[in-house]
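Okay everyone, thanks for coming. Let me put the model up on the screen, and then I'll walk you through a few places in it.

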Amino acid sequence: MKKTVDVAIPLGPVHPIFKEPCRIKCETFGEQILAAEVELGYMKKGIERIMVGRPWQEVMFLAERICGICSVIHNFVFIETMEKISGVSVPDRAAYLRVLANELDRMQSHLIANFSYCYTIEHETLGMYLLNIRETVMDMLEYLTGARVTCAYIVPGGVRFDPDEEDLSRIMKAMDKVEEEMLRYIRMFEHGPLIGLRSKGIGIMTAEQAELVHAVGPTLRASGIPSDCRSEHPTYQMLGFTPIVRTECDNFARIMIRFDEILQSIDIIRTIIKTLPEGKIRGGGTIGRGQTTHRGEAPRGELTYRIKSDTHGRIQEIAIQTPSIMNIEACARYMIPGGTSVADVTSAYISSDPCIACTER
Amino acid sequence: MRSILSYVKHMASVEWIKTFFFAKTAPLITPSHFREFPHVTDKECTHCFQCMMICPAPGAIEVIRTEKPGEWKPVIHLGHCIRCGLCVEICPELVLDSGRVHTKNAQDGTYMQFQFHITVNPVICMGCGICSVACPVNKEIDPQLAAKGTSTSDEVIMRVYKGINTVFHEEKCTGCKTCEEQCPNRSVMVARVLEPLQITEEP
């Protein structure tokens, strides 16, 4: 929509801080931001169109590659949707292993999101510390699944590989190391005076505004609303899961929620390894015809897959709703305007953890 | 919050001084458990083409004859391969190998299995019979079908019966999709339904 403004400052598609290209046009009055508009379209690949007509063993890999940071959850929710269509059930051990891979992926995604935020407040040291500990988490994903990113671990009826005792004990030791380092970095972030100055009270989005714009994920939970798709997932409920909520509504709250979720994931992984049941990892089952909607909790929020499949499990129609679609709009409408400085636009934008690859598949 | 004294004590240790002066960057070796591009082993390839059927990346793998007469080998084009490891898992002769896939499959008793289903769209099918003449399994069962184009045998997988291509024995299909490729208007389709399974122990 064309609108004549006094001064419009673009934070262009090519920006050293953005992980993926998108353009934010800010309407400013001096240093004050009056409104912001986000322009997308730099990363459209048409993945949903390529998926039509293919069976699950090809669509699974396409779904993983929608987003490189949160690839396991796309795999997870897609396969769960296909299983819901066909009535395929999963043995207990496989369900626990799926959650193990999912939580490891959630940890590395939160670590890179917070690294990105530390870059926007120009604290590269803390950012690099986080990226360093992320390598440990990626190594554990590699031991479990064989690959660091795009693991292709979850298949209909179960998982692909079974970790032996050595792998599980290695993961336990790594979790101890990650927890020790994370407690130190959280202390650095929470009590650092310049970090607090740059994050507290910036990018406020109240609970009413968040509900109005349908924000999801940590962006929503930082505004005081306890909404998390993992509360409805049976395996997570067996492990005892409650969402983490904060009420400060600013950048600081969003980043601290991600740090707290990393610690929560470490606890979940420890519970899984201690109580992993014996049994099979694949229950078998073929994918059939049907139509359904299914949602899961990606690191950035709620991920929805709407799939219609034909007689032998080939995709006829598919629609994917990723969390960043809602969060980027929430950011542009409520977090960026009202800011006292153009310098706060990048930190407010990155604190809502946008993933443009997910937004435009 | 660490004090300056604690840092000085840490830096005065032998281990720190050795790491500071003599450590080199870690060698870049791929760990053995990493699922890398599959490499071809010396086992005999029976050209069943199941690796080509399961590959999700178009153009990544092809099974071709080598110089030795009667020998076939899969060839992986690295630019297209996404290192998913499905071809490694499905090969019945274990010709391809990558990471710990075979060790894990042997330990857990896991395997993948194809089922092939043929669907004919009765509205679009014009009964031309190209699919049943092209089918290589039909050629073995009833050579008259490929030579003359007509057949009265009911042992073939499919043939034109009362004006429409009718499937008689879906279980004999090997999933090569030659019929689907040759069909002029996409009315016959082959579905390769994959099922990941695990061997159950006898109770």
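This is a predicted model: local features need pLDDT of at least 70, side-chain atom pairs count only at pLDDT 80 or more; totals for chains, interfaces and linings use all residues.

Residues are numbered from 1 along each chain as its sequence is written, while chains are lettered from A and ligands numbered from 1 in the order in which they are written.

Let's see where the two chains touch. By contact I mean two residues whose C-beta atoms, placed from the backbone, lie within 7 Å. Chain B puts 28 residues into the contact and chain A puts in 25. On the chain B side, helix H5 (101-108), strand E5 (110-120) and strand E8 (188-198) each supply at least two residues. Those labels are DSSP runs, numbered from the N terminus: helices (H or I) have at least four residues and strands (E) at least two. E8(B) gives the largest share of that side, eight residues.

Over to chain A, and a pair of helices. H4(A), residues 92-120, packs against H11(A), residues 251-274, at an angle of about 155°, with the axes 9 Å apart. The axes are lines fitted to C-alpha atoms, for helices over the stretch in contact, and the angles run from 0 to 180 degrees between N-to-C directions. So H4(A) and H11(A) are roughly antiparallel to each other. The cut-offs there: under 35 degrees is roughly parallel, over 145 roughly antiparallel, 65 to 115 roughly perpendicular, and the rest oblique.

Who meets whom? The residues of H4(A) in this contact include Tyr96(A), Leu100(A) and Met107(A), and those of H11(A) include Phe259(A), Ile262(A) and Ile269(A). By class, the contact of H4(A) with H11(A) has 14 nonpolar, three polar and four charged residues. Here Ala, Val, Leu, Ile, Met, Phe, Trp, Tyr, Cys and Pro count as nonpolar, Asp, Glu, Lys and Arg as charged, and the others, Gly among them, as polar.

Next, is Thr81(A) buried or exposed? Thr81(A) sits in helix H3 (residues 71-86) of chain A, and it counts as buried because it has 25 C-beta neighbours inside 10 Å. The rule is 20 or more other C-beta atoms within 10 Å for buried, 12 or fewer for exposed, and partly exposed in between, again with C-beta atoms placed from the backbone. Setting aside neighbours within four places in sequence, Thr81(A) contacts Thr292(A), His294(A), Tyr305(A) and Ile307(A).

Helix H13(A), residues 343-351, has eight of its nine residues buried, so it is largely enclosed by the rest of the structure. Among those buried are Val345(A), Ala348(A) and Tyr349(A). After H13(A) comes Asp353(A), with a positive phi near 55°.

That brings us to backbone angles. Most residues other than glycine have a negative phi. In chain B, though, His47(B) has a positive phi near 40°, and it lies in the loop between strand E1 (39-40) and helix H3 (50-54). Leu94(B) also has a positive phi, about 55°, in the loop between helix H4 (86-90) and strand E4 (96-97) of chain B. Leu94(B) is partly exposed, with 14 other C-beta atoms within 10 Å.
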